[in-house]
Amino acid sequence: MTRNVFVIGLGLIGGSIALSCQKAPDTKVFGYDIFEKTRELAGALNIVDEVSDDVIKTASIADVIIFGTPVNATLEWLERLKQWPLKKNVIVTDTGSTKGLIMEKAVELRDCGISFIGGHPMAGSHKSGVRAAKPHLFENAYYMLTPLKDEDEQKVNELEQLLKFTLAKIVKVDAKEHDHMTAVVSHFPHIVAASLVHQLDVEQQQHPMTRMLAAGGFRDITRIASSNPIMWKDIVQQNRQELIGQLDSWLNEMNRVKTLLLNNNEESIEQYFAFAKQVRDELPITTGAFYTTYDLYVDIPDYPGVISQITRYLAEEKISITNIRVVEAREDVFGILVISFQNADDREKAKNCISKRTNFEMYIS
């Protein structure tokens, strides 16, 4: 018997889940997006088995409905879902970055006889839209599920059996705990990154060259500030209480740093950075809450053709790269050439390739 999966929202996340679900046996994947152009692309790129133009009709035959829509849009869809004619045992899930309000809506859906299991695949990309979708986007990333406490375990297992084709690490957590953890490692760092960019903008008005120097460490630490502002508006609004708590903790920490500077004790200042280095160095090297760039820093000399030399070596060993850039301001940067890869394996192969053929120093951050 064929299992019908209906993905609503065919952007990067929804499209990638649709591609993953197509790998499941005896499964047909339908897809819908509010934008006609996206629906056309999804069909042309075989992101789904069949593109739908009638959401309610397709939902009525679905065994699993997956919302790949922004969190506020998902809440609106779930409200409409209450009125749709659905299969008795349908499983509904989402991909949103916040779970509190979503799971409150899940209680309402359960009162209507609909099983909703919250979901959050913690991976992304520097690209967006259906063209960027790929079946291995979530490979080795954490995929958080937030079922209600008394959810039917069989339905949770059914969803897990489908999502295992994402090749993600599927874990179950409480919605409140999810929102707290993601506030710490994802949502709050976005606020910090944005605030640093705002501060740079103020500074460059009096010191224009500041912008030119903001290339190395500053660019890396603020990379996430380039994320979709509409998406982050929704996330911040939905997780505002957790973020207010994180801001209070951050202000306390900054006051501690200020005290360290005022006291100007050499040993205390060194210990502060030493402890931060220790904790940072012990973090797992895996896909987490952010889009992960697998960067290799190569300390190349400045002579004509050196970059093409490196890329030729990689091409000869059939190692694909996703991005390459030259860093001009090199304070706190470990190499002038930064090469980005799709995964850690490709980066390791590249490191071995370059080390065999050159004596250039390399660093993995």
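The structure is a predicted model in which local features need pLDDT of at least 70 and side-chain atom pairs count only at pLDDT 80 or more, while totals for chains, interfaces and linings use all residues. Residues are numbered from 1 along each chain as its sequence is written, and side-chain values use heavy atoms, with hydrogens and water left out. The chain holds 14 helices and twelve strands, where helices (H or I, at least four residues) and strands (E, at least two) are DSSP runs numbered from the N terminus. Its radius of gyration is 23 Å, close to the 21 Å that the globule rule gives for 365 residues, so the chain is as compact as a globular protein of that length; the radius is taken over C-alpha atoms, and the rule is 2.2 Å times the number of residues to the power 0.38.

**Overall dimensions and surface**

- The C-alpha trace spans about 65 × 55 × 35 Å along its principal axes.
- Of the 365 residues in the chain, 42% are buried, a class that means under 20% relative accessible area, with exposed meaning over 50% and partly exposed lying in between (1.4 Å probe, protein chains only).
- Among contacts (heavy atoms within 4.5 Å) with a separation of 6 or more, 73% are between residues 24 or more positions apart.
- The chain exposes about 20,200 Å², of which carbon and sulfur atoms supply 52%; accessible areas come from the Shrake-Rupley method with a 1.4 Å probe, and for residues only the protein chains shown count as cover.
- The 40 positive and 49 negative charges have mean positions 4 Å apart, with Lys and Arg counted as positive, Asp and Glu as negative, and His and the chain ends not counted; each charge is placed at NZ of Lys, CZ of Arg, CG of Asp or CD of Glu.

- Eight strands form an open sheet of mixed pairing in the order 3-2-1-4-5-6-7-8, where two strands pair if DSSP finds at least two bridges between them.
- Strand 3 (50-51) and strand 8 (169-172) are the edge strands, each pairing on one side only.
- Strands 2 and 3 pair in the parallel sense over two bridges, and Phe30 has Glu50 in strand 3 as its bridge partner.

**Individual residues**

- Thr38 lies in helix 2 (residues 36-44) and is buried, with a relative accessible area of 17%; leaving aside neighbours within four places in sequence, Thr38 is in contact with Leu10, Asp33 and Val130.
- Asp26, in the loop between helix 1 (12-21) and strand 2 (27-32), has a positive phi of about 50° although it is not a glycine, and it is exposed at 57% relative accessible area.
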